[in-house]
Amino acid sequence: MACASLEELNISENHITNEGATVLAAALAYGQSEFTLKTLHMSYASINHMTMTFLCPIMKYCKNLEVIDLSSNELGDKGLSLPFQGTY
């Protein structure tokens, strides 16, 4: 994988929407055994609680992930609670 050593990804203020988040989740899933991603910035990305249903199952494979910035998005209580439920 060409980006196996990627430690930080900043896609803030890019209006990726839920469709883009689906693509991101697929990319993370594809490289899950090699990924070294530590920080993911997704503030002001025009995402909502549906995005978390795509990302949460994948995040458990990103064992190096220390920081995820989802500020200034419309996640609501449902979207913010998904990572902590352990049932995604």
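**Starting with Lys 78**

Where in the chain's secondary structure does Lys 78 lie? Lys 78 sits in helix 3. Before going further, keep in mind that this is a predicted model. Is Lys 78 buried or exposed? Lys 78 counts as exposed because its relative accessible area is 52%, and the cut-off for that label is over 50%.

**The overall layout**

Now let's step back to the whole chain. The secondary structure comes to three helices and three strands. Read from the N terminus, the elements go β-α-β-α-β-α. Of the 88 residues in the chain, 34% are buried.

The chain has an average pLDDT of 80, and 83% of the residues score at least 70. Confidence is highest in strand 1, at 92, and lowest in helix 3, with a mean of 74. Where pLDDT is low, the predicted coordinates should not be read in detail.

**Two helices side by side**

Two packed helices are described by the angle between their axes and the distance between the axes. For helix 1 and helix 2, the angle is about 5° and the axes are 9 Å apart. Angles under 35 degrees count as roughly parallel, so helix 1 and helix 2 get that description. On the helix 1 side, the residues making the contact include Ala 21, Leu 24 and Leu 28. On the helix 2 side, they include Phe 54, Leu 55 and Ile 58.

**The nonpolar core**

In soluble globular proteins, nonpolar side chains tend to be buried together. Here, the largest nonpolar core has 20 residues. Those with the most contacts inside this core are Ile 16, Leu 24, Leu 28, Met 42, Ile 47 and Met 52. Helix 1 and helix 2 each supply at least two residues of the core, and helix 2 gives the most, with five.

Setting aside neighbours within four places in sequence, Leu 24 is in contact with Leu 9, Ile 11, Leu 40, Met 42 and Leu 55.

**Asn 73, tucked into a loop**

Asn 73 belongs to the loop between strand 3 and helix 3. Asn 73 counts as buried because its relative accessibility is 15%, and the cut-off is under 20%. What does its side chain meet? A polar atom of the Asn 73 side chain lies 2.8 Å from the backbone oxygen of Met 42, and one lies 3.3 Å from the backbone nitrogen of Ile 47. Beyond its neighbours within four places in sequence, Asn 73 is in contact with Met 42, Ser 43, Tyr 44, Ala 45, Ser 46 and Ile 47.

Most residues other than glycine have a negative phi. Which way does His 15 go? His 15 is not a glycine, but its phi is positive, at about 50°. His 15 is in the loop between strand 1 and helix 1, and is exposed at 54% relative accessible area.

Ser 72 also isn't a glycine, and has a positive phi of about 60°. Its place is in the loop between strand 3 and helix 3. Ser 72 is partly exposed, with a relative accessible area of 43%.

How values were computed: Residues are numbered from 1 along each chain as its sequence is written. Side-chain values use heavy atoms; hydrogens and water are left out. Helices (H or I, at least four residues) and strands (E, at least two) are DSSP runs, numbered from the N terminus. Buried means under 20% relative accessible area, exposed over 50%, partly exposed in between (1.4 Å probe, protein chains only). pLDDT is the predictor's confidence in each residue, from 0 to 100. A polar contact is a pair of N or O atoms within 3.5 Å; within protein, one must be able to donate a hydrogen and the other to accept it, and residues adjacent in sequence count only if both atoms are side-chain atoms. Contact means heavy atoms within 4.5 Å. A nonpolar core is a set of buried Ala, Val, Leu, Ile, Met, Phe, Trp, Tyr and Cys residues joined through side-chain atoms within 4.5 Å. Axes are lines fitted to C-alpha atoms, for helices over the stretch in contact, and angles run from 0 to 180 degrees between N-to-C directions. Angles under 35 degrees count as roughly parallel, over 145 as roughly antiparallel, 65 to 115 as roughly perpendicular and the rest as oblique.
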